[in-house]
Amino acid sequence: MRRAVALRLQAALTAAAIAAAVAVALPAIQASAASGSATGYATGNGGTTGGAGGQTVRATTGTAIHAALCSRASSSTPITIEVEGTINHGNTSKVSGASCNTADGLIELKQISNVTIIGVGNGAVFDQLGIHIREASNIIIQNVTVRNVKKSGSSTSNGGDAISMESNVRNVWVDHVTLEASGGEPEGFDGLFDMKNNTQYVTLSYSILRNSGRGGLIGSSESDLSNGFITFHHNLYENIDSRTPLLRGGIAHIYNNSYVSLHESGINSRAGARAKVENNYFKDSKDVLGTFYTSEAGYWQVSGNIFDNVTWSSPGSENNPAGPNPQSNTSVSIPYSYSLDGAGCVPSIVRQTAGANKGLQVSNGNCSPQTPTATPTSPTPTASPTPTNSPTPGGSNLSIGAGSDGSSKADGTSYGNVRDGNMSTYWSPAGSTGDISIKWSSAKTVSRIIIREASGSAGAIGSWQVINGSTGAVLKSGSGAGDITFAPTSLSKITFKIASSTGTPKVAEFETYAG
């Protein structure tokens, strides 16, 4: 029977209470800005620097956090808010101002950018109070605990989510946080870490998620496929029923995480999602990877994982577990550099580094903890980073100076707009599907393309094929725009065929590279 977490909590909460008592005696954390720098997909799309370069203020109440946001010159003026103490319903009220859009009963980061919230001193605890990020960009949340946020019962906050993101959110780094509940949905709790409605370029690192029915989701339904480019690394998921995470559409990179006591399912890739799952350690758990509770298939690339006392269900019409011998059924190209710890040491290094009040330590790539360096101040944050989908690779963009054609185009758009180097111009098909091509008078060797979506339409492109326009051969297929690599191919025409989309697809640039 589902939602069994509450029945397993007594021992876990007793242990947590002991740990909390010990934590009080830890040395105070000295930090005046976010420690270290963002990793994973949060480094894409211009980077995630939070409030670097701006004013630093101290807050001991939720109202003070809101007041700090509202006191800025504009909604994009960089600010770092150091938080110490317990933030709860009693000390969190709405504050009004031209540079903020806050509300009672939750920490509201809405229609703002360039903000860091970091726990300092003896720590910061958001007690029964969620953090909501909406229509926002370039946000860092570090070294805080968020616990027992409810959507029903008393008191309620943030729809029952500890941290949630929705509606055109870009570039969020959540690091060294502890997110915990005391049961599942029947007890009034929802997700610990949710992303929906066009949320992209997010990293969750060195964090603890525990004692909950739901770890978190990417996409609120099978039709909410505009989310993606999410990294999860060096996190501990413990005593959770499911959703570690649930991924609908999009791309996720999941590495060096420790999973303990997942009771129903774990990484649930569905609705065309693709997950790269490497060097994780799964222990005493069930159905830790696959497509579950739907017939809409998702995909995974696996390597280096350890499955320790993991049980697997039999396949069914709405369940496709990856085990008992998980094999890759897709490939995912990761556009950033990263270091992998060996899976065998993951439980140890994660226990030493993950969660709030651990000294912000990270792994050195060899399973040993180290203290990170201070956050660099560049690149300079901007109010609204323009989605670029991937970093610019080395070498020349072969599309510049080439020709282009395609299927029927929408009014006011041009085939040439995808090769003009201008992100403000774009091509759209006449409908929700179509194809766009780059062509040359003589053959070129191409092994990489980048599809960059126009501002405001990121995530609209669903499934696609890359086709050799000279022969009709399919070079690659997948979902979601961005960086696409394939075997080096000599051709005089290359076609990007959009087979599905949510909203109107808009291709600002179709870049082609030899390597």
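Me: What is the pairing of the bonded cysteines, numbered in sequence order?
Reply: The pairing is 1-2, 3-4. This is a predicted model, where local features need pLDDT of at least 70, side-chain atom pairs count only at pLDDT 80 or more, and totals for chains, interfaces and linings use all residues. Residues are numbered from 1 along each chain as its sequence is written, and side-chain values use heavy atoms, with hydrogens and water left out.

Me: What makes Cys70 and Cys100 a disulfide?
Reply: Good one! Their S to S distance is 1.8 Å, and a disulfide is a pair of cysteine sulfur atoms within 2.5 Å, so the pair qualifies.

Me: How do you know whether Cys367 is buried, partly exposed or exposed?
Reply: Buried means under 20% relative accessible area, exposed over 50%, and partly exposed in between (1.4 Å probe, protein chains only). Cys367 has 24%, so Cys367 is partly exposed.

Me: And why is Trp464 called buried?
Reply: Its relative accessibility is 4%, so Trp464 falls under the 20% limit.

Me: Why is the pair of Tyr41 and Phe229 called tilted?
Reply: Rings of Phe, Tyr and Trp (its six-membered ring) pair if their centres lie within 6.5 Å; planes under 30 degrees apart count as stacked, over 60 as edge-to-face and the rest as tilted. Here the centres are 5.6 Å apart and the planes at 55°, so the pair is tilted.
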